[in-house]
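Please look at the structure before reading on.

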Amino acid sequence: MTDKLNELTAAGVAVWLDDLSRVRLSSGGLDQLRREQHVAGVTTNPTIFAKALSDADEYNWQLRDLATRGVEVEESVRMLTTYDVRWACDVMRPSYDGSDGVDGRVSIEVDPRLAHDSDKTVAEAKALWWLVDRPNLFIKIPATEAGLPAITATLAEGISVNVTLIFGLDRYSAVMEAFLAGLEQAKANGHDLSKIGSVASFFVSRVDSEVDKRLEKIGSEQAKSLRGKAAIANAQLAYERYSEVFSSDRWKALAAAGAHPQRPLWASTSTKNPDYRDVIYVEELIAPGTVNTMPEPVIHAYADHGETRGDTITGAYDAARKVFADLESVGVDMADVIATLEREGVEKFEASWQELLDGVRKSLEAAAKGTGAPNKAAKGNAKAAEKAGGNA
């Protein structure tokens, strides 16, 4: 039988898992995905953690200890999530070592309520880096206006960064600028650039969801014919910009000092529309030096029926520009689409974070009272958080 995920990896796409839980860790499930399904990295978000904490008894001992010590809710969330991420970093360490630090990365997100405060974002990033204390960690920072200087400042400290919530091309260009500036400062600060990693998480399916909704409202046949095309075109043009930046003289100087490029990471790659092929956001976004982070069902779907047809991005730039021109001609304002998605993206992560806090608070109260399994108190909150959104 053809190993389709191996074919994808050989085409230059790193397969990452968009999920984490203590059950997955304690059962050996994550290690199995690493060994058998070519999974080379892990991404997390508040929605993922809210669900994980509500579903497993494995957290009960830690919740009881935190409740006994009287640890506040926000610090308890840090203790619970960094425990899992540290464990995942250890599981993924062979991938990290085997790729000279390129893969084997595990991401943890800065409190999304800080998305519009640069200084607090940097302080939180440093705290999480210290708490997890693993070289293969990524700190997730959103690509908001305030996030851009935070990205540079965090990288300048020698801390590896996963830039999240990127929707638009201009913002992506600003992210790459922030990355280059951060590495230049890190070099000036005496850090080993070969130890600093970064990915830029460019969200995919949410773009189609928003654009398709607008096309349906326009209602013309021409408009409807453009459904399901915007997200892939957007990502393809992002890769064009990536290729330009990482062939520049400025980048070559950093590469000569040992730096690794900031790879584009395709996020939100599960299809929201059942009419679309379930692996479309994998098959149509294959190019060297990329990452695709997928929920486990998408990984299994690709292993079953995914088609690796070589590079499906670099020859498609003109077609992608035509999609954008056609969208403009029928009345879709892509600038407004991107602004809406960024605003909603931050809001969804903030809502998920609040649900996570509420769930942990209830679990701590239950643990303090000794009334049953603490984590069960968070179930309702986790379901609400899952509905609110996340990477997928």
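Helix 11 passes helix 18 in a right-handed crossing. The model shown here is a predicted one. Helix 18 covers residues 334-369, and helix 11 packs against helix 18 at an angle of about 125 degrees, with the two axes 10 Å apart. That angle makes helix 11 oblique to helix 18. On the side of helix 11, the residues that meet helix 18 are Arg 206, Val 207, Glu 210, Val 211 and Arg 214. Their partners in helix 18 include Met 334, Asp 336, Val 337 and Thr 340 at one end of the list, and Lys 348 and Phe 349 at the other. By kind, the residues of this contact are six nonpolar, two polar and six charged.

**Helix 13 and its two partners**

Helix 11 (residues 205-218) also packs against helix 13 (residues 230-245). What is the angle between helix 11 and helix 13, and how far apart are their axes? The angle is about 135 degrees and the axes are 7 Å apart. Helix 11 contributes Val 207, Asp 208 and Val 211 to the contact, and helix 13 contributes Ala 230, Ala 231 and Asn 234. Four of these residues are nonpolar, one is polar and one is charged.

Helix 13 packs against helix 10 as well, at an angle of about 30 degrees and with 10 Å between the axes. Angles under 35 degrees count as roughly parallel, so helix 10 and helix 13 are roughly parallel to each other. The crossing of helix 10 and helix 13 is again right-handed. Among the residues of helix 10 in this contact are Leu 169, Tyr 172 and Met 176, and among those of helix 13 are Asn 234, Leu 237 and Tyr 242. The contact of helix 10 with helix 13 divides into eight nonpolar, two polar and two charged residues.

| Helix pair | Angle | Distance between axes |
|---|---|---|
| Helix 11 and helix 13 | about 135 degrees | 7 Å |
| Helix 10 and helix 13 | about 30 degrees | 10 Å |
| Helix 11 and helix 18 | about 125 degrees | 10 Å |

**The barrel**

How many strands close into the barrel? There are eight, in the order 1-2-3-4-5-6-7-8, and the pairing is parallel. On average, neighbouring strands of this sheet are turned by 30 degrees against each other, direction ignored. One of the pairings joins strand 6 (residues 198-203) to strand 7 (residues 263-267) in the parallel sense, over five bridges. Here Val 199 stands opposite Arg 263 of strand 7.

Helix 6 (residues 73-91) touches strand 3 (105-109) and strand 4 (137-142), and its direction makes about 170 degrees with that of strand 3. Helix 16 (residues 296-305) touches strand 1 (13-18), strand 2 (39-43) and strand 8 (290-294). The direction of helix 16 makes about 140 degrees with that of strand 1.

**Aromatic pairs**

A search of the whole structure finds 11 aromatic pairs. In one of them, the rings of Phe 167 and Phe 203 have centres 5.3 Å apart and planes at 50 degrees, so the pair is tilted. Phe 167 lies in the loop between strand 5 (161-166) and helix 10 (169-188), while Phe 203 belongs to strand 6.

Technical notes
Residues numbered from 1 in each chain as written. Predicted model: local features only at pLDDT ≥ 70, side-chain atom pairs only at ≥ 80, totals over all residues. Heavy atoms only, no water. Axes fitted to C-alpha atoms, helices over the stretch in contact; angles between N-to-C directions. Helix = DSSP H or I, 4+ residues; strand = E, 2+ residues; numbered from the N terminus. Contact = heavy atoms within 4.5 Å. Nonpolar A, V, L, I, M, F, W, Y, C, P; charged D, E, K, R; others polar. Pairing = 2+ DSSP bridges. Phe/Tyr/Trp six-rings, centres within 6.5 Å; stacked < 30°, edge-to-face > 60°. Parallel < 35°, antiparallel > 145°, perpendicular 65-115°, else oblique. Left-handed = near helix turned anticlockwise from the far one by under 90°.
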